[in-house]
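This report looks at the aromatic rings of one protein model. Have the sequence and the 3D view open while reading.

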Amino acid sequence: MIECQWQLWHPATVYPAAREKLIGFGGHVSNPLTSSLSPHTSLSCTKFKSTSFLCSSKHCFKCFCDKTESTHEPSSQGFSALAADAPWDNGTVWSTMAFYMFSLHIPLSFGGLSVVAHLLHEPVLDPQTEAISLLGAQTLELIAALLLLQSTAKPQSKFVDFFKAKKLSKERSWLLASVVGFGFLFMLVFLTSLLADRVVGPKDINNPVLKEILLSSNISQAACVLVYCIITPVLEETVYRGFLLASILSTTKWQSAVLISSAIFSAAHLSGENFLQLFIIGCVLGCSYCWTGNLSSPILIHSLYNAMTLMITFLS
C-alpha cells in the first residue's frame, strides 16, 4: 500500500532560486490548497504525482510517497498465503472449540446412532438405517457448526468472505496443490502403515462395520459416499483448518499452527491406534491450506482420501 503526504520542502522566502526552479519543474503557484498548508501540515496528495510541488509566497511543499504494510496481507510472504488476522477473537477460539467438541461433535458423531436406536426401540440398527442415520447426524453437525462459527465471528467480518480466496492465493493453483498433496499424503500413509506393521504387527485395514454397510444396499452406498466424500470433508476442514488453524495462525507461526490443529484433529477422532496416521493427514491438509489460502484444496484432498478408503473397503 502506498501513502502520499505533502511535506515542507523549502521555505520559499529563504530559497527564492529553489522556488523558481520548482515552478519550472511542475510546481503550482497560488494553488488554493496552499492556503491551508503550513510547515506542520500533513495532507494526502495521492491524486497528484509523486514529483508534484505546491508553492505559496512563503513555503513550498513536495509530495512524498511511502510504502506501508497492510494488516490484511498474508502472514508470511513465503509459504503461507493466509491472512494474519482471523475472523474470530483470540480470546474466544478455545471456548468455541470446546463448545463444538462437547456439544456437537461427540454427541452427534459418537452418540447419534445410539439415540436413533433408542428412538426406534432397536438394540442394533440394520446397515441401511445406520447409513441413513449417519448421514442425518453428520448433516446436522455441519449445519450447527457453520451457525456456531457465524455467530462467534467478529462483527466486522463477513463469514462468507472467509471461504473466498485471498489475493496471494489466487496466484497459486489450489487444484495443482490438491493433486500434489493427495499424492504426498498417499505416500506418507503407505510408509507409516508399513512401519506400524513392523513395530506393532499387521492389522486388518478394513472396517468390518463399514464394509457391511457398503454391501447392504445401493441406498447405503449412496449415503456413505455423501457422508465420507462430501459432508465430512467440508465439516472437518471448515472447523479444524478454516477455523482452528487460521485462528492459531494469528498468534503464532504457520508451522506451529499446523502441528497444533493437526494434533487436535487427530485426538477428536478418539482412535488411539490411528492417532499418528490421522496426525500426518492433518499436517498435509494444514500445509495445503496454508500454501493455497483456499479451503477448496484440503477439502478436495480429504474427499479423495476418504473415497480411496471406501473403494479399498468395498473391493477388498
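## Terms and model

A residue is called buried when its relative accessible area is under 20%. The model described here is predicted.

## Trp-88 and Phe-243

The structure contains 4 aromatic pairs. In one of them, the ring centres of Trp-88 and Phe-243 are 5.0 Å apart and the planes stand at 85°, so this pair is edge-to-face; planes over 60 degrees apart fall in that class.

Trp-88 is found in the loop between β4 (59–67) and α2 (93–119), while Phe-243 belongs to helix α6 (residues 218–249). The pair therefore ties together parts that are 155 residues apart in sequence. Trp-88 and Phe-243 are both buried.

## Tyr-240 and Phe-265

Helix α6 also holds Tyr-240, whose partner Phe-265 lies in helix α7 (residues 254–267), so this pair links parts 25 residues apart in sequence. How are the rings of Tyr-240 and Phe-265 arranged, stacked or edge-to-face? Their centres are 5.4 Å apart and their planes are at 75°, so the pair is edge-to-face.

Tyr-240 has a relative accessibility of 1% and therefore counts as buried. Phe-265 is buried too, with a relative accessible area of 2%.

## Around Phe-265

Phe-265 takes part in a cluster: ring pairs link it with Tyr-100 and Tyr-240. A charged group is also placed at this ring. The charged end of Arg-241 sits over the ring of Phe-265, at 4.5 Å from the ring centre.

Key: Residues numbered from 1 in each chain as written. Predicted model: local features only at pLDDT ≥ 70, side-chain atom pairs only at ≥ 80, totals over all residues. Heavy atoms only, no water. Phe/Tyr/Trp six-rings, centres within 6.5 Å; stacked < 30°, edge-to-face > 60°. Helix = DSSP H or I, 4+ residues; strand = E, 2+ residues; numbered from the N terminus. Buried < 20%, exposed > 50% of the residue type's maximum accessible area, 1.4 Å probe, protein only. Lys NZ or Arg CZ within 6 Å of the ring centre and 35° of its normal.
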